[in-house]
Amino acid sequence: MNPHYSAFIELGKTLVREKGLSWNMLLDEQGVARDSVGWNLTAMAGDVPPPLHYLRDLGCDAKALAIVNAERVERDLTPLGKRPLSAAWQDLIKAAVVEQLLFKRHTAGYVSQSIARPLRVIATCVDKEPWQLIADDLRLAVHVGKAIQATGKLGDLVAGIVKVVFDARHICDAGQMYSSLAIPRMKMKSAIKAKHTWSQDELLTDLEARKREERLPERRAFWELTRIVMTEKPRTFMDDLRFAAVRAMIVTGFRIGEAALLPVDWRRERSYLDAKGRPAGESGGISTSLMVRHFAEKQQEDESASRFLREETQPVPDMFRGLLTETLDHVAKLTEPLRATLKLQCEAGRLLPWYEAHDLVPFTEVYTHLMGNPFWLEIEREPFIERYRDSFDPSVLIDLHIHQRWKQQSGALTLDMAVYQFGKRLLDKMRSEQIALRFRRADGKVIGVRERMGWHNTYLHVGELESHVRSTTPTKVSDTTPLPLAVGVVQPWEFLFVQPKRSLAEERNDGLCDVNRFMAVSRPDPRFIGVGLGYDKGVPSLFEKYGETAEDRALKLEPHMLRHLQNTELFRLGVADTIISKRFNRRSIAQSYEYDHRSLAEDLDQIQIPQDIEVMLGEKASTVARLIKGGKANGPIVDAFRRIQATEGDAAAYDYLRAEADGFHATPYGHCLNSFTVDPCPKHLECFADCRHLSATDLPENRQNLIQLEGKFKLALETIKARPSTSIGWKNQLDHAEKRLAGVQKFLATPSGKRPFPDGVDLSLPRQRGVLDD
């Protein structure tokens, strides 16, 4: 044990003690908390459920243990059983969890999945204490993590935890481990391919390739999604909400969480007057503008909690005003009954606030409240289903309820089969003493569990029923906890996209959910949008349900790509970076450029040069002129251009540039500003070998090629050093590889538009001839 480990554990114990919790956790023989709770991470962080996250398993990770045991069996070793981790590992996991949760202020979900589990995987894979680990142990854990999840995500988290916990807190006696792992981390998209095998023509046309294009939606997926949400008729209530949320995201560029948590009071309008006090529209301006009130994410200050909602507004362009207003007003109408139910429940603290706690309610009446299914009598369904799905107007459900009441009073007593089945399930549980709930008669007397049931004359006690739901089906309890603002709270009924909780009647059984009477209401969660875009393989996405062809139905789209797309399009259309940054609630302009995926050609289009100069220069020379003006190129031609411009003026400088325009080339590594009209490149595309004409770019393809070269040179050096020799040839090989590696690494560290080797040899000059050159 080293002092750094001990200090980290003491920090964890201090944080837990300040929270009034116990550090020690009683575990069973498998390492699971005996109370089945352990630490409630959601409560510790002050987050609002659902979901709930716990730290209650301090035993071996079951899936990692299965892989470890498979390898032990191959080596004729006895498989290991699931057991508690050592005390040192338990303390490390607890300390890391509380540090990330209470000190770093990360969310409970992040800490549970990205901190606690990777640490358990490492502990399962090794038979050592944390401070005894070496790089090989951690590589093994990464390998096991990748084997557990086919996507490789868990293995990537294991690699990340080395940097975040072990190296950051100096846990290992062997020193810093992360850099020695030499394991590539996951990227946004695995389909990024190096382009060093492209032809010269392909490399030259790569000016049209968008920077980090993997963060933009695939063209076909975007337009198919747009077609679906703009033109298709939704088949379910939840799909109607998803259509509206996606339309809002396309128009506003909101993050998925921002769209999901839009408030019902979203509309903000500003009026503008001219100098005479009249509406500005009468003077050629704009009289009113629409803004969307929303809760912006990633707005917390340093050391502040991320769980607080922060209110912001975003202007709506006039071209989208009608579409956005119509969309959000439609959602408000659809969800009004659910918000009314949720408000009653919050104010009364009850599940069935329409009744008093001592009331007796007919079983057939309470069925719809519990299950959401509006059909409790056996009637013709299709006319009502077609009417409701035409617009999802809640008044259709009121008509349906009145119709069934009228049918019942007219003597129609045959119940829907689902009602019989629900009653039978409850009765079976009563007979087996699994629940305390009992059916009653109209006078309140309990009906014996062995008596024959007449469902039309069967009642339930409201107070007993509410207790039964809370204890046996907590997933049917509405989300009534308010979400905190920096000052005050937002009540759950104030959100726009409230929705039925576990609406099985509609989502699973192709029926309807009575939003007027269903008691289980969910606060909006980003997952309801993500499911529509393919988050959950078990639930059909919007593409699968509404796609026109097999190819369309196989499409997927990450919702955050819509934000990247809008940011890029605003840049492409010439909108100022300050306006873009303000629109997306960013604190610095630099953040907006992280979302800028314009191609280099689109970047250059935004750089203005006089029209007469552009005509004189021609296409290629104009491109070079824009590169120079935008600070994206350096080299002898650039230096000469600027010198002539300073001494002789713009006209002479552009004349020079027109003559030397052939001295611009796109290479696999960066831009070259040297003329090869007479002689070919003397470096043979080894630009990284001290070539002063090379200029760095921020194109991902260039960096990818350089990173691959760096890896190859490192491997070559290892191979050379592994076979030491005193020969001149061996020393020359070593020197050659070291110089090339140093050149590549210097190039990677060079900012875009700068020259990595400004003092390198000027290869554009003719080589000095020697006596042997004749």
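Two strands pair if DSSP finds at least two bridges between them. Helices (H or I, at least four residues) and strands (E, at least two) are DSSP runs, numbered from the N terminus.

This is a predicted model, in which local features need pLDDT of at least 70, side-chain atom pairs count only at pLDDT 80 or more, and totals for chains, interfaces and linings use all residues. Residues are numbered from 1 along each chain as its sequence is written, and side-chain values use heavy atoms, with hydrogens and water left out.

## The chain

The chain has 31 helices and 14 strands. Of its 774 residues, 48% count as buried. Buried means under 20% relative accessible area, exposed means over 50%, and partly exposed lies in between (1.4 Å probe, protein chains only). A contact means heavy atoms within 4.5 Å. Among contacts between residues at least 6 apart in sequence, 67% join residues at least 24 apart.

## A three-stranded sheet

Strands β3, β4 and β5 form an open sheet in that order, with antiparallel pairing. β3 (267-271) and β5 (310-316) stand at the edges with a single partner strand each, so one side of each has no neighbour in the sheet. From one strand to the next, the twist averages 35°. Strand β4 (residues 288-296) is joined to β5 by 7 bridges. Here A296 stands opposite R310 in β5. Helix α13 (residues 318-348) lies across β3, β4 and β5, and runs at about 55° to β4. Axes are lines fitted to C-alpha atoms, for helices over the stretch in contact, and angles run from 0 to 180 degrees between N-to-C directions.

## The cores

A nonpolar core is a set of buried Ala, Val, Leu, Ile, Met, Phe, Trp, Tyr and Cys residues joined through side-chain atoms within 4.5 Å. The largest has 94 residues, and F237, F439, F497 and I529 touch the most other members. Helix α11 (residues 237-252) gives the most to this core, with 10 residues. At least three residues come from each of domain 2 (215-272 + 289-295 + 309-349 + 477-507 + 519-598) and domain 3 (360-476). Domain bounds come from an automatic or database domain assignment. A second, separate core of 60 residues includes L58, C60, A96 and L102.

## Two helices

The expected span of a helix is 1.5 Å times one less than its number of residues. Helix α4 (residues 87-103) has 17 residues and should span 24 Å; its end C-alpha atoms are 23 Å apart, which agrees. Of those 17 residues, 15 are buried. Helix α30 (residues 700-721) has 22 residues and reaches 32 Å from its first C-alpha to its last, close to the 32 Å expected. Its buried residues include L706, L709, F713 and L717. Part of what covers the buried residues of α30 is α31 (728-748).

## Loop residues

Most residues other than glycine have a negative phi. D76 has a positive phi although it is not a glycine, and R105 does too.

Where is D443 found? D443 lies in the loop between α17 (417-431) and β7 (459-461). D443 is exposed, with a relative accessible area of 54%. D443 and Y459 are 16 residues apart in sequence and 9.3 Å apart in space, C-alpha to C-alpha.
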